Amino acid sequence: MKNHARLVVLLLFAAFQWGIACAQSVSGVVNGYYPVTTVNMAVNAVTLTNATGLGPGQRVMLYQAKGAAITASNTSHYGDVTALNNAGAYEMNTICSVSGNEVWLVYPMLHSYDPSGLVQLLTVPSSPSITIAGALSAASWDPATGTGGIVALESSGSIFLNADINVSGQGLQGGALVNYSVPPYDCNWAADVNGYYYPLPASGFYTGGSKGEGIAATIVNEEFGRGKLANGGGGGNNANAGGAGGGNYGPGGDGGQRSGENFFDCHGPYPGIGGAGLNGLGYSAGANRIFLGGGGGSGQENNGVGTPGANGGGIILLSAPAIVGGGGRLLASGLQPVNPGNSDPTQAEGDGGGGGGAGGAIILNATTVTGTIIADVTGGPGSNSSNHVNDCTGPGGGGAGGVVWAAGGVFPPAVSAAVSGGLNGVVSSGSSKTSCVGSANGATSGAPGISQAGYVLPTSGGSLCTVLANSALLSFTATRADANVLLDWTVTTAADSIKNFVIQRSVDGSHFDPLATVPVSTGQPNYHYTDAAPDTHGQISYRLAWLNPVDVWSWSRIVTVAGQPGPDAASLRLYPNPAKDQLTVTVISRKTVDATVTISNALGQVLHRQSMLLHNGSNSATLPLGTLSPGAYFLVLASQGMHLVRSFVKKGD
């Protein structure tokens, strides 16, 4: 019976290995989302609230949504970003091992993530071929856990876009409606409410709509009012001013004023201020950060018929050598405000209108993009407003457009990018005061986003996967010896109950294929295997797999070596970075070989080229930068068909 159980497990394991090596057809929600509670840079590990379902070799993405610092003074600068910190930081990585809720990663983390800024780890489906066969989306962004809002897919071959990927409205949330009913709230014709932030009062007329969610945390007792919250739009102030649009690449549109009222009526001249634009803080080779679309601010409501701020768009990240359009669209737009209880849900009917959500981000990390692909990161329109009595309440501002960012020197012509900002709302024909029908009352549209080339996926070289995952295994190492790779491992006496070790190899750090089976001999502590002449670009990863005494599979940590006996990708270093007058490049080679070093700009134009003879061991060269303008550049070290790439920044005087 035990042998039968072992055979079943072996067959299931073989089926699993076959499944991950073949094409995948996906739809629905395919990423898993895990809140990160602790980041331990010293051991390259993160702690999750629950690590169920995670295992060695699984590809994952780390993303921090918030953490920016802002100006908090009660001025027009409220919500200005003063320090980005780790907001928008992200990377791909591979799980090395899991113990309880602690997850060790293979490659050094690129950022010192701060869980107080809402860090999530999401699983990334990875396969030689992925087909989007049905509508695909993310779990909606959850500000309580800091998870969701992102679709990430990775293929070593092609991604076929045969159906939509839609994360529209799955970004940062719009400001919620608060109805300041009369009494205990009121307004005063002689006192304009002009503050940039307010708490939720128990009574009185110093009130404002909710701010939209941005990349900075909400400050307690400052959740309401016209001031923006980083890229979150400000709420309209009392009485019935409009909320502002969320920001992303550019700023969101401002909300509109109340107008047409009599002198002794309440006034609303202070609408929400548009969410900040983030283009100076990310979306470049030198500052590779990506952001969820900012939420719109809500209109000020005291009659129960206003509109809230709308949600921003989420993030789509597709990474593959080829992306093939097959009729599916990439949708990451911001939304339009909606109040389902109104006769026209898209407009405020006697209160302030809400701001539109900003568009999100779409990343196309591919060498070739073919077919026809629509990529939509447009901002959501602001809410119209109307009044059936005697004046015109404030419309909402439009959400800003997001970013479509593609790899390579030229934006792919196969992609039709929609990046416009959302239109501002106006006073609708439902208003009884015809003199202001069609007026924006000062509300403005969101700024457009951008479609651009030059994307490079943030990567980290050098495996840190050395601590082992099972007490039966004391050590496991991989060493490059000229053309061969030497694998060595040592076990305890507990390994006597193990029948065989299965050596698995991967050329992409994610998909592991069986390489060899090594029988266990009773009392033998040391084992060796030579992988003869493996030759591939990049790196080669190895791990051990074995059945424990209760027929459950265990795995070692993953160890990595250079794929070729030449330049080692993990050892390529540039310093100083940023650099001013010259840049030093260092690399370790495992044989004497000719190489070429080039410096290119974001458009792929080669600006400098020089030859470099690499010797067995450590090598360095100094490159002049005096003729380069300040900006972001790429260094490529090419040798025997291998291309190692690093980005750097040339700083100004």
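Ring pairs join Tyr249, Tyr283, Phe291, Trp405 and Tyr455 into a cluster, where rings of Phe, Tyr and Trp (its six-membered ring) pair if their centres lie within 6.5 Å. The structure is a predicted model, in which local features need pLDDT of at least 70 and side-chain atom pairs count only at pLDDT 80 or more, whereas totals for chains, interfaces and linings use all residues. Residues are numbered from 1 along each chain as its sequence is written, and side-chain values use heavy atoms, with hydrogens and water left out.

The count of aromatic pairs comes to 17; planes under 30 degrees apart count as stacked, over 60 as edge-to-face and the rest as tilted. In one of these pairs, the ring centres of tryptophan 405 and tyrosine 455 lie 4.9 Å apart with the planes at 80°, so the arrangement is edge-to-face. This pair links distant parts of the chain, 50 residues apart, with tryptophan 405 in strand 21 (residues 403–407) and tyrosine 455 in strand 23 (residues 450–455); strands are DSSP runs (E, at least two residues), numbered from the N terminus. Both tryptophan 405 and tyrosine 455 are buried, a class defined as under 20% relative accessible area (1.4 Å probe, protein chains only).

The rings of phenylalanine 501 and tryptophan 546 have centres 5.5 Å apart and planes at 70°, so this pair is also edge-to-face. Phenylalanine 501 belongs to strand 26 (residues 500–506) and tryptophan 546 to strand 29 (residues 539–547), so that the pair links distant parts of the chain, 45 residues apart. Phenylalanine 501 is buried at a relative accessible area of 1%, and tryptophan 546 is buried at 2%.

An open sheet is formed by 3 strands in the order 32-33-36, with antiparallel pairing; two strands pair if DSSP finds at least two bridges between them. Strand 32 (573–575) and strand 36 (617–624) are at the edges with a single partner strand each, so one side of each has no neighbour in the sheet. Strand 32 is joined to strand 33 (residues 582–589) by 3 bridges, and tyrosine 575 has threonine 584 in strand 33 as its bridge partner.

The model contains 1 cavity of 30 Å³ or more, a cavity being a set of points on a 1 Å grid over the protein atoms alone where a 1.4 Å probe fits but cannot get out. The largest cavity has a volume of about 40 Å³, volume being the space filled by probe spheres set on the points, which are joined across faces, edges and corners. Its lining consists of Cys187, Asn188, Ala191, Val193, Asn238, Ala239, Cys266 and His267, lining residues having an atom within 4 Å of a point.

Key
On a 1 Å grid over the protein atoms alone, a cavity is a set of points where a 1.4 Å probe fits but cannot get out, and a pocket is an open set with protein on both sides within 12 Å along at least five of seven lines; lining residues have an atom within 4 Å of a point. Helices (H or I, at least four residues) and strands (E, at least two) are DSSP runs, numbered from the N terminus. Buried means under 20% relative accessible area, exposed over 50%, partly exposed in between (1.4 Å probe, protein chains only).
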